[in-house]
Amino acid sequence: LEEADVRGAGVLRAKDIEATFVGCQDLLREVKLAAGNPGGSQELSYYDFVAFCLGYRRTPVKLNWYDVSRGYAQWLPTGVLGGQKLEGIWHTGIVAFGREYWFGGKVLASEPGLAPFPPGPLRTTELGTTLRTREELEDWLRFEVVSQYTRDKYDILRRNCNHFSDEVAGFLIQGCHIPDEARRQPEAVMGTPVVNAIRPYLNKWLGGFEAAGAYGSEIDDLTGEWRARLWPGDICLYLPPSDGGQLQTKLVQVSKIDAWRGICDITYFDSDRSEE
């Protein structure tokens, strides 16, 4: 980078790249993709250059829009919505790495376009591109986010699917927000009689997909205690699931951890087992 940076600016222009590197089309493509992000420019930063050299490539990030009213929202009189005209009551999901991430009582991941809101996404918005990986996103969701987005915390006006989508967009793309039409829709209708009347029903419906379990694989919550303390070789106390009999805590050794599935192998000596 220092050799190509003839201006000493700490960034590379397209012509700097073309003059220094042979077969640089992939690198130029990364510059163009980065330029499409909020605050992006047609110059390659030191961070992007190092990421490219390490094998990272930009991944598109999109926003799927679903109208949970199935078209009826546009027929609501503006008088009952504080003068607002709605095209839809929007549920959104973030599409990245071949999956769609959304909030419906729990943080969920499903096939893009298959969230349970017929007839499917009515539009898709290109948000930009990210250098983060799927593993980084799902670790962040599991360790930092899922405890904040639960069924009992769901609120159609203050903590809904669009608030979740906005946080995920900002994690993947620095400075990114989802469009205000979805992000600020609750503020536009907050306090109106019709919304206050149906708010409990919407919270129960839209925040209840954790109970359905058929809409995609859940991203389970792995607590900070698990992350901080359980490692292969550790000794800990284990309380087996109850089978109706007397519960007995066992001293076990952790032998293998699968952080993705949220499970671990344990080894212990069973002194109560009778000899045959």
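**Spaces and rings in a predicted model**

Trainee: How many cavities of 30 Å³ or more does the structure hold?
Mentor: Keep in mind that this is a predicted model. A cavity is a space where a 1.4 Å probe fits but cannot get out. With the cut-off set at 30 Å³ or more, the number of cavities in the structure is one.

Trainee: What is the volume of the largest cavity, and which helices each supply at least two residues of its lining?
Mentor: The volume of the largest cavity is about 50 Å³. Its lining is made by Glu30, Ala34, Leu44, Asp48, Phe52, Tyr56, Arg58 and Leu131. The helices that each supply at least two of the lining residues are α2 (25-35) and α3 (46-53).

Trainee: Now the largest pocket: which element gives the largest share of its lining?
Mentor: This pocket has a volume of about 580 Å³. Its lining has 25 residues, and Tyr47, Asp48, Arg58, Leu131 and Gln174 lie nearest the centre. Elements that each supply at least two lining residues are β2 (43-45), α3, β7 (123-130) and α5 (161-172). The largest share, four residues, comes from α3.

Trainee: How many nonpolar, polar and charged residues line the largest pocket?
Mentor: Good one to ask, with 25 residues in the lining. Sorted by class, they come to 11 nonpolar, nine polar and five charged.

Trainee: How many aromatic pairs are there in the whole structure, and is the Trp65 and Trp90 pair stacked or edge-to-face?
Mentor: A search of the whole structure finds seven aromatic pairs. For Trp65 and Trp90, the ring centres are 5.3 Å apart and the planes are at 90 degrees. Planes over 60 degrees apart count as edge-to-face, so the Trp65 and Trp90 pair is edge-to-face.

Trainee: Which strands does that pair tie together, and are Trp65 and Trp90 buried or exposed?
Mentor: Buried means under 20% relative accessible area. Trp65 has 1% and Trp90 has 6%, so Trp65 and Trp90 both count as buried. Trp65 lies in β3 (residues 59-67) and Trp90 in β4 (residues 90-96), so the pair ties together parts 25 residues apart in sequence, in strands β3 and β4.

Trainee: What kind of pair do Trp140 and Phe171 form, and which helices hold them?
Mentor: Their ring centres are 4.2 Å apart with 5 degrees between the planes, and the pair is stacked. Trp140 is buried at 17% relative accessible area, and Phe171 is buried at 15%. The pair ties together parts 31 residues apart in sequence, because Trp140 lies in α4 (residues 134-145) and Phe171 in α5.

Trainee: Is Glu87 buried or exposed, and how far is it from Gly71 in space?
Mentor: Glu87 is in the loop between β3 and β4. Its relative accessible area is 54%, so Glu87 is exposed. Glu87 and Gly71 are 16 residues apart in sequence, and from C-alpha to C-alpha their distance in space is 7.6 Å.

Note on methods
Residues numbered from 1 in each chain as written. Predicted model: local features only at pLDDT ≥ 70, side-chain atom pairs only at ≥ 80, totals over all residues. Heavy atoms only, no water. 1 Å grid on protein atoms, 1.4 Å probe; cavity = no way out; pocket = protein on both sides within 12 Å on 5 of 7 lines; lining within 4 Å. Points joined across faces, edges and corners; volume = space filled by probe spheres on them. Nonpolar A, V, L, I, M, F, W, Y, C, P; charged D, E, K, R; others polar. Phe/Tyr/Trp six-rings, centres within 6.5 Å; stacked < 30°, edge-to-face > 60°. Buried < 20%, exposed > 50% of the residue type's maximum accessible area, 1.4 Å probe, protein only.
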